[in-house]
Amino acid sequence: MIESLEELLAHALKKKESEKNSHEELRVCIGSSCASLGADELKKGLKTKVKDENLDKQCSVKGVGCNGLCSAAIMVSHYDKEKELETIYGGVEQNDIDDLVGIIKDKSSLENKKCDMNEPFFTKQKKIVLENAGVIDPDDIDDYIAHGGYIALFTALEEMRPEDIINEVKVSGLRGRGGGGYPTGLKWETVAKVESNQKYIVCNGDEGDPGAFMDRAVMEADPHKIIEGMALCAYACGADKGYIYVRAEYPEAVKKLNKAIKQARNNGILGNQIANSGFNFDLEVRLGGGAFVCGEATALVTSIEGNRGQPRQKPPHLSNSGLWGEPTILNNVETFANIAPIIKNGGEWYSSMGTKNSTGTKVFALTGNIKNTGLVEVPMGITLRELIYDIGGGVTDDKPLKAIQTGGPSGGCIPEELLDIKVDYDSLKEVGSIMGSGGLIVMDENSNMLEVARFFMEFSKDESCGKCVPCRVGTTELTNLLDKFVKKEASKSDFQLLKDMCEVVKESSLCGLGQAAPNPVLSTIKYFENEYLEGIKDD
Amino acid sequence: MIKDKVRVKTFKIDDVAVTGRSDSTILEVAKEHGIHIPTLCYLEGLSCVGACRMCIVEIKGSSKLIPSCTAKIKEDMEVITNSSRLIKHRKMILSMIFAERTHTCSVCVSNGHCELQSQATDIGLEHSLVPYIHKGFDVDASHKEYVYDPNRCILCTRCVRVCSEVEGAHALDILGRGISAKIIHDMDEPWSTSESCTSCGKCVQVCPTGALFEKGASATEMVKKKSIVTNLIQARKNK
Ligand SMILES: Cc1cc2nc3c(=O)[nH]c(=O)nc-3n(C[C@H](O)[C@H](O)[C@H](O)COP(=O)(O)O)c2cc1C
Ligand code: SF4
Ligand code: SF4
């Protein structure tokens with residue numbers, strides 16, 4: 001049991017002491033992308049070899065979460081503790097084990113797989129949410145504590161009042177990373193003010209956007225950080241119970257979270273009288289069936305209650321009537337992961353990064369026709385060009401870029417001409433797309449915008465819950481219409497109907513799924529209208 | 001007996017000054033004042049789901065459209081129920097309902113007594129604005145008194161709600177999502193084998209279309225007796 005900040009710091013020290021003799025670490029990424037290529041086997045083989053060579057005192061081999069550059073899986077990094085120097089190797093295979101061990105022995109070999117750490121991919125990123133990803137062992141609470149974990153929570157419990165925490169979050173300017181970008185501090189303040197004997201904190205780990213895996217990576221790489229953020233939120237708002245809602249398709253994330261919760265309980269970090277403070281908080285993981293709509297706030301809450309996950313009309317908002325009718329705070333995984341750093345370093349530190357209205361950093365999943373696919377964390381306000389060409393390494397095969405899709409099925413396509421806009425909530429919205437949860441698809445000149453629009457509409461159609469008419473029928477009708485355009489069989493009146501229907505679906509659907517479903521169509525009409533006109537057959 | 005203090009709010013619907021109990025919805029106050037707002041999934045006394053979107057209204061100063069069946073009234077708000085924008089949207093939504101399944105009125109037992117049909121007449125919808133997309137479901141005529149024809153169902157869930165909220169049987173629910181969604185009995189069994197169905201017929205009486213009807217009834221006979229259900233709800237409330 002860790003009962004005070006002092007004990008926590010002592011705990012961290014003890015862990016560091018125990019590793020005193022090992023000056024080096026070999027960190028094998030066991031995140032989902034690397035794991036699918038056999039990272040676990042590689043780690044085992046490496047461990048055995050290091051032991052066989054009697055190097056296990058000097059160097060520890062550990063499994064860590066996602067390092068970022070998924071296109072270079074399997075990733076292994078070598079960390080020199082004295083020099084605080086990390087060297088990353090990409091595309092590592094089983095038969096590289098001997099060479100990897102060579103790095104410890106004589107500091108040579110495996111040059112050909114060494115990543116250039118001076119590449120903008122590494123230097124232009126700013127890691128806050130992902131600071132521990134690829135660094136700590138997610139299965140080991142002590143590793144998290146040794147890296148400064150839970151200091152924010154214990155400091156808060158000993159030295160801060162709930163309103164101080166809310167104030168820091170407000171000062172930080174943090175906005176929800178789940179898509180909507182609602183100010184997090186404001187949301188917390190609302191619930192803190194509501195009088196109720198029971199309040200809930202819910203973490204949205206549903207991550208239904210096709211191609212997105214930011215939240216999965218955080219849950220797999222640094223589960224304690226989410227727990228710490230939720231506990232801080234609970235303390236700030238007067239809640240004592242929380243749920244993390246994760247889709248069942250993320251078994252590794254579920255495993256890591258459950259393990260972390262158990263470890264936190266065993267150390268007295270979850271449960272009753274945390275840090276002898278009179279603050280109680282406990283957490284449970286709830287599995288979702290993987291319906292996109294269950295990521296929508298009201299549907300998610302309904303699903304946790306054990307009902308069919310269908311949205312309901314707001315108001316009432318969750319802050320008034322959420323889980324079992326009680327005041328509830330729902331935040332995204334990445335939002336919660338930002339909290340401990342904010343409390344530790346102060347709201348002003350956070351708001352000094354990014355832009356005025358979009359502070360801090362944002363994690364993106366880069367996919368599509370881009371060289372460096374994977375996970376990156378960048379300061380808000382970076383231009384799309386820097387993000388794609390510097391960090392992303394540019395378009396695959398150096399083809400001309402045509403468009404960038406952001407925000408998933410609720411987002412839109414940004415044409416090449418607008419590449420110099422800033423990546424922040426307002427700028428993206430201004431050009432007809434959204435930040436969304438951070439999916440970013442790069443498309444080269446061969447991409448067909450009609451097919452892109454149809455792909456997302458078909459997704460929305462398949463995921464529509466069917467409760468309200470405009471979304472249920474509208475997404476099907478729109479998919480069929482787009483199909484006609486793709487096949488170049490549309491008529492002139494179809495184009496008008498397409499636009500009219502988009503308007504009705506957008507304006508009269510019940511929840512965000514239907515309201516946003518037309519966005520990919522509207523943005524492609526805005527920037528690539530000629531492709532629609534080419535889809536109309538001559539009479 | 002008045003339990004809570006009832007406050008009154010004053011506001012405007014279509015430029016008419018109205019008052020309503022502070023806990024009322026826009027739709028309730030409109031009804032009290034004889035202002036017609038079209039509805040399909042709404043039924044007095046059942047929970048409101050805001051699903052059909054026919055009752056959407058505009059609020060001055062906001063570009064959003066909100067369903068009047070779930071929106072609570074606010075002091076000094078100005079509600080618009082019949083702008084050309086709203087009528088355009090409602091026409092499209094109604095068209096979508098017609099396009100989704102088969103609503104050939106001439107061969108329907110509810111012809112002349114169908115809420116969907118009268119909505120279309122009221123709003124002047126002469127032809128469907130969107131293509132038909134109907135796939136076709138099997139009719140369930142297994143029950144000894146009633147028939148369920150999913151092809152005429154508009155998924156308003158009035159039957160589901162009356163069965164669970166008034167009858168207390170919860171024999172009905174929804175299966176599937178999107179346009180494949182379908183009302184089912186128990187675990188998608190034939191109606192006749194449903195163990196939770198009490199054969200009370202409330203679902204049939206509240207169904208706005210010809211999706212649920214009495215066996216052997218002709219179009220002149222099959223007049224839905226919604227008031228049986230709404231009176232019952234009212235009677236319970238007053239007890
Ligand atoms: C159809 C739909 C799907 C959504 N899926 C997610 C999701 O997977 N994860 C998420 O965090 N938010 C999702 N959201 C947004 C949530 O409803 C909610 O706004 C968010 O979780 C709030 O957290 P934040 O303020 O931290 O962003 C979705 C919204 C809609 C309408
Ligand atoms: S907008 Fe779509 S997903 Fe949302 S309630 Fe309506 S049918 Fe369901
Ligand atoms: S069967 Fe009738 S009452 Fe039930 S959902 Fe369909 S249309 Fe509505």
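This is a predicted model: local features need pLDDT of at least 70, side-chain atom pairs count only at pLDDT 80 or more; totals for chains, interfaces and linings use all residues.
**The five-stranded sheet of chain A**

Start with helix α12 of chain A, residues 251-266, which lies across β6 and β8 of chain A and runs at about 165° to β8(A). Those two strands belong to an open sheet of five, and its order is β7-β8-β6-β5-β9 (chain A), with mixed pairing. Who sits at the edges? That would be β7 (271-274) and β9 (328-332) of chain A, each of which pairs on one side only. From one strand to the next, the twist averages 25°.

Quick background before going on: strands of a sheet pair through backbone hydrogen bonds, either parallel or antiparallel. This sheet gives you an example of each kind. Strand β6 (residues 241-247) and strand β8 (residues 279-288) of chain A pair in the parallel sense over seven bridges, and A:Arg247 has A:Gly288 in β8(A) as its bridge partner. On the other hand, β7(A) and β8(A) run antiparallel and are joined by two bridges. There, A:Ile274 stands opposite A:Phe279 in β8(A). β7(A) and β8(A) also form a hairpin, with four residues between them, and in the turn A:Ala275 has a positive phi of about 50°.

**The four-stranded sheet of chain A**

Chain A has another open sheet, this one of four strands in the order β2-β1-β3-β4, again with mixed pairing. Its edge strands are β2 (59-64) and β4 (85-89) of chain A, which each pair on one side only. The twist here averages 20° from one strand to the next.

Look at strand β3 (residues 76-80) of chain A: together with β4(A) it makes an antiparallel pair over five bridges. Helix α4 (residues 97-106) of chain A packs on it, touching β1, β2, β3 and β4 of chain A, and its direction makes about 160° with that of β1(A). Helix α3 (residues 39-52) of chain A lies across β1 (24-29), β2 and β3 of chain A, at about 170° to β2(A).

**A hairpin in chain B**

Over in chain B, strand β1 (residues 8-13) and strand β2 (residues 16-21) pair in the antiparallel sense over six bridges. B:Phe11 stands opposite B:Val18 in β2(B). These strands form a hairpin with two residues between them, and B:Asp14 in the turn has a positive phi of about 45°.

Here are the strand pairs side by side:

| Strand pair | Sense | Bridges |
|---|---|---|
| β3(A) and β4(A) | antiparallel | five bridges |
| β6(A) and β8(A) | parallel | seven bridges |
| β7(A) and β8(A) | antiparallel | two bridges |
| β1(B) and β2(B) | antiparallel | six bridges |

**Where the chains meet**

Now for the interface. In chain A, 29 residues are in contact with 30 residues of chain B. The size of an interface is often given as the accessible area lost when the parts come together. Chain A and chain B bury about 2400 Å² between them, 59% of it on carbon and sulfur atoms.

What about charged partners? The rule finds four salt bridges across the interface. One of them joins A:Glu463 and B:Arg177, with the closest N and O atoms 3.5 Å apart. There are also 11 residue pairs in polar contact between the two chains. On the chain A side, α19 (449-463), α20 (469-486) and α21 (492-508) each supply at least two of the residues that touch chain B. That side of chain A divides into 11 nonpolar, nine polar and nine charged residues.

Notes: Residues are numbered from 1 along each chain as its sequence is written. Chains are lettered from A and ligands numbered from 1 in the order in which they are written. Side-chain values use heavy atoms; hydrogens and water are left out. Contact means heavy atoms within 4.5 Å. Buried area is the accessible area (1.4 Å probe) that two parts lose on being put together, summed over both. A salt bridge is a side-chain nitrogen of Lys or Arg within 4 Å of a carboxyl oxygen of Asp or Glu. A polar contact is a pair of N or O atoms within 3.5 Å; within protein, one must be able to donate a hydrogen and the other to accept it, and residues adjacent in sequence count only if both atoms are side-chain atoms. Ala, Val, Leu, Ile, Met, Phe, Trp, Tyr, Cys and Pro count as nonpolar, Asp, Glu, Lys and Arg as charged, and the others, Gly among them, as polar. Two strands pair if DSSP finds at least two bridges between them. Axes are lines fitted to C-alpha atoms, for helices over the stretch in contact, and angles run from 0 to 180 degrees between N-to-C directions.
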